[in-house]
Amino acid sequence: MTAPMLEFREVDVFYGPIQALKKVSLVVNEGETVALIGANGAGKSTLLMSIFGQPRAAAGHILYRGEDIARRSAHYVASNGIAQSPEGRRVFPDMTVEENLLMGTIPVGMAHAQEDMQHMFDLFPRLKERRNQRAMTMSGGEQQMLAIARALMSRPKLLLLDEPSLGLAPIVVKQIFQILRELAQSGMTLFLVEQNANHALRLSDRGYVMVNGEIRLSGSGAELLGNQEVRDAYLGGH
Ligand SMILES: Nc1ncnc2c1ncn2[C@@H]1O[C@H](COP(=O)(O)OP(=O)(O)OP(=O)(O)O)[C@@H](O)[C@H]1O
Ligand SMILES: [Mg+2]
């Protein structure tokens, strides 16, 4: 039996008068890869960010390995094994690849920094070639790899990814998903937000579909790929 790593129980989140999450409940089990798919504005990024308390849940519970973290600080959450590769990559533009990677160790300290940086260079050879290049001068795909590698530098137990394929060419999307597959096979727990439902659901053990701040559907990756509503709304009829 696998244990829940992350659990949302009836979570509400508001931006002022606007309710962005409505009684959201979901589970990500240890070792699983889970996808959250949904249209623009559905609330996917809000859900990921609420894990770090930014924005805060107004009601409900967010459990991480059984502990309610809904009122904890972002630093507490990050230093206890959750890392995020944020939407839009958000690498530090003026910093080099190496400096960006070192920023990823902030929640946990520098003890493993050199070893882990070598590991990232094995996983992403392109970053090794560009280790002294400033992030802002790198291609979109390279910046996405850097954002993922930076998140991995804190040795997370749970890796959150917000649209890792956004705006990238198909070949780069393939490379990124191949690396995510390797991470999943290494035993890491992945929770992935995507508009690229096809890639995301093929990678994932299970998925959830979010519509207007609510979870509309859930099922195995294969079930959702075969679901007519999902096919019509998120798979372009393929
Ligand atoms: N800081 C904010 N202040 C006010 N409203 C916000 C804020 N951030 C998000 N929202 C609103 O909350 C809703 C959900 O936004 P969110 O960014 O979570 O959607 P999303 O599913 O990630 O969309 P996308 O696929 O475009 O990234 C939207 O209606 C958005 O306008
Ligand atoms: Mg988003």
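This is a predicted model: local features need pLDDT of at least 70, side-chain atom pairs count only at pLDDT 80 or more; totals for chains, interfaces and linings use all residues.
Residues are numbered from 1 along each chain as its sequence is written, while chains are lettered from A and ligands numbered from 1 in the order in which they are written. Local features need pLDDT of at least 70, side-chain atom pairs count only at pLDDT 80 or more, and totals for chains, interfaces and linings use all residues, with side-chain values based on heavy atoms and with hydrogens and water left out.

**View 1. Helix α7 has a buried side and an exposed face****.** Helices here are DSSP runs of H or I with at least four residues, strands are runs of E with at least two, and both are numbered from the N terminus. Helix α7 takes in residues 170-185, and its 16 residues reach 22 Å from first C-alpha to last, close to the 22 Å expected at 1.5 Å a residue (the expected span is 1.5 Å times one less than the number of residues). Look for V172, V173, I176, F177, I179, L180, L183 and A184, which are buried (under 20% relative accessible area; exposed is over 50% and partly exposed in between, with a 1.4 Å probe and protein chains only). These residues sit on the same side of α7 because they cover an arc of only 155 degrees around the axis, taken from the directions from the helix axis to the C-beta atoms. Turned away from them are the exposed P170, I171, K174 and Q185. The cover over the buried residues includes β3 (33-38), α4 (113-123) and β8 (189-194).

**View 2. M188 lies in the loop between α7 and β8****.** After α7 comes G187, with a positive phi near 105 degrees. M188 is buried, at a relative accessible area of 14%. Among the residues it touches are G31, E32, L152 and L183, leaving aside those up to four places away in sequence; contact means heavy atoms within 4.5 Å.

View 3. S45 belongs to helix α1 (residues 44-50), and E87 to the loop between β6 (82-85) and α3 (97-103), 42 residues apart. S45 is buried at 17%, whereas E87 is partly exposed at 31%.

**View 4. Ligand 1 has 13 residues around it****.** N40, G41, K44, S45 and T46 come nearest; a residue counts as near if one of its heavy atoms lies within 4 Å. Oxygen atoms of ligand 1 lie 2.8 Å from a side-chain N or O atom of N40, 2.7 Å from one of K44 and 2.5 Å from one of T46.

Key:
A polar contact is a pair of N or O atoms within 3.5 Å; within protein, one must be able to donate a hydrogen and the other to accept it, and residues adjacent in sequence count only if both atoms are side-chain atoms.
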